[in-house]
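Here are my notes on this model. Please read them with the structure open.

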Amino acid sequence: MKKGTLKQILLITDGCSNEGEDPVAMAALAREQGITVNVIGVLDQYDSEGGHGLQEVEGIAQSGGGISQIVQTRQLAQTVQMVTKQAMTQTIKGVINQQLQDILGDGETVEDLPPEKRGKVMEVVDEVGETADLNVCILVDTSASMKNKLPTVREALTDLSLSLSARMGENQFCLFLFPGKRKPVQKVIAWTPQLDSIERVFEKISSHGVTPTGPAIKEAIKSFASIAHKRAFYDGDDEAYDDGPR
Amino acid sequence: MTDPDNLCYAPGTMIVGKWHRNRYQLIRLLGSGAQGTVYLGHSGDAHPVAIKLAKDRSSLISEAHILEQFGRLQGDPLGPSLYDSDDWVTGGSTVGFCVMEYLEGTSLSEVLKKKAFDWSLVYVLQLLKQLAQLHKTGYIFGDLKPENLMLIRPGYSIRCLDFGGATKIGRSVREYTEFYDRGYWGLGSRRAEPSYDLFACAMILIYAAAGRRITRSSEPQNQLKHFIDSQGKLVPYRHFLLSALSSDYTSAEQMRKELVRAMMAVESHERHNSHAAAARYPRPRTKRKSNGWTPAWLAASMIITAYIVFVVIYVM
Ligand SMILES: Nc1ncnc2c1ncn2[C@@H]1O[C@H](COP(=O)(O)OP(=O)(O)OP(=O)(O)O)[C@@H](O)[C@H]1O
Ligand SMILES: [Mg+2]
């Protein structure tokens, strides 16, 4: 059985970019290449919600075709895995909706089917979500204000790996920090199936004031080219549908 | 009162299904959670129903699909029966909803706060029996927690609500709550297997003894062990709990038998101990008082024992 691969960028940040390319444009570029961009805005109790930086969070996810969520630091772990899974479902549904449109026309989507048929379609969506391979490139903002949130970020990422490894499909993760020590964006973990033992990675960080979110997304896009390539879930119209076991 | 963004609608609101054209009137709010809001309603005939309005239609679709499949099974009902599933078009937006059997009773999260620990053990015993049946169908419950369990008034039996987390065995668990999740405690995977639910059962007992969700420390495994050792109520069940927490039980049936055995062993012990304690530490001042209380206490524990024996022999 042929399987599809879902590609995602997961951006974890607490504020506004101030260096390099416009992250919203870079997210659009990612989407154009079949990569979904999800963004999680982390707050602690001292941050006031609704700031300028958090508007950017939504903008990036929107143009990246993904999901954004703003959370308190302590809810991070559950949110990270939920957003990732929801985004997978959304992508798969997007592909199926596309198929439905081609067949039925008139902007028909899964939701427009009668309830009896919808259950069956959702079963297929579930099945594909469970068995598809998933590549997630994680971008963590390590600018000064993120410093005391990083231990929780680390835990949330380990937890994400735990959640996803329960799936039947295969996972690949890689991890970038921005700003990096010398470069604006630093790759700290190359593509790997499991995200454990990442404790040390966060210890060596020196925090700068700059936040090069745009360049980070650009690096992430490039990184997908370096995985031994399997076919993307998006590629080939009718093949994507064949990917799902029926 | 009416706030469509939060799925808040005033009592009296009529809900009309887009597909099946059935009409329902909302009576009052029953509760709400992460996935949606549940109202008591009626459908024209005298029968009250529970109507769940969903925030996210896809999770409701899966939940309704599962309830529908369970509805076709023989034997004791596992959850509420599903009557209808439809869309309601209101003010330009479409709200997915499902209509199910109204289960009249009290949420187990309320009950555990009020009742003695012995009752918690009885509830878990009942729950294990339900889980054994559920697991046979090839699903686990997933998001098992007192909030998702209901104590039905006649007969004090436990029923599961909210099948949004129900997952086919072998897949990754759909929905979970950190405190009841073995992954959160570093004690196993999030793959759906019967032992995933059994872990949550043990955590329900820990919750009942603590009266709250204890927060995880940096060494979660030891923390749970120490907590059990620090709670007099839990000590007699130490072995049982630790086995469930380390996923040693592979079936609900096996775990249920172990719990029955542990409960039977404890009852006689405790009475014995309390006699010994009373004899060893006579407190002259309160003697009269304690003399008055001992028989009452004894009677109470005998009644509980009798009830447990009754449940075990006749109901289970
Ligand atoms: N069939 C029913 N009969 C009576 N009460 C119900 C019924 N279904 C739900 N409720 C009440 O509504 C509350 C919320 O329902 P439910 O747990 O299904 O919502 P939810 O949004 O899935 O919550 P979460 O996912 O956060 O657990 C329940 O705690 C219960 O009190
Ligand atoms: Mg619930």
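1. In what order do the 6 strands of the open sheet in chain A run? The order is S3-S2-S1-S4-S5-S6, with mixed pairing. Strands here are DSSP runs (E, at least two residues; numbered from the N terminus). Two of them pair if DSSP finds at least two bridges between them.

2. A word on the basis. This is a predicted model, where local features need pLDDT of at least 70, side-chain atom pairs count only at pLDDT 80 or more, and totals for chains, interfaces and linings use all residues. Residues are numbered from 1 along each chain as written, chains are lettered from A and ligands numbered from 1 in written order, and side-chain values use heavy atoms, without hydrogens and water.

3. Strand S3 (65-72) and strand S6 (186-192) of chain A are its edges, each pairing on one side only. Strand S5 (171-178) of chain A runs antiparallel to S6(A), joined by 4 bridges. In that pair, A:Phe173 stands opposite A:Thr192.

4. Now ligand 1. It is surrounded by 21 residues, counted when a heavy atom lies within 4 Å. Among the closest are B:Lys52 and B:Asp162.

5. Polar contacts are N or O pairs within 3.5 Å. Oxygen atoms of ligand 1 lie 2.9 Å from a polar backbone atom of B:Gln35 and 2.8 Å from a side-chain N or O atom of B:Lys52. A ligand 1 nitrogen is 3.0 Å from a polar backbone atom of B:Leu103.

6. Where does ligand 1 sit relative to the domains of chain B? Domain 1 (4-101) and domain 2 (105-268) both give residues to its shell, so ligand 1 lies between them. The bounds come from an automatic or database assignment.

How values were computed. Polar contact = N/O pair within 3.5 Å; in protein donor to acceptor, adjacent residues only side chain to side chain.
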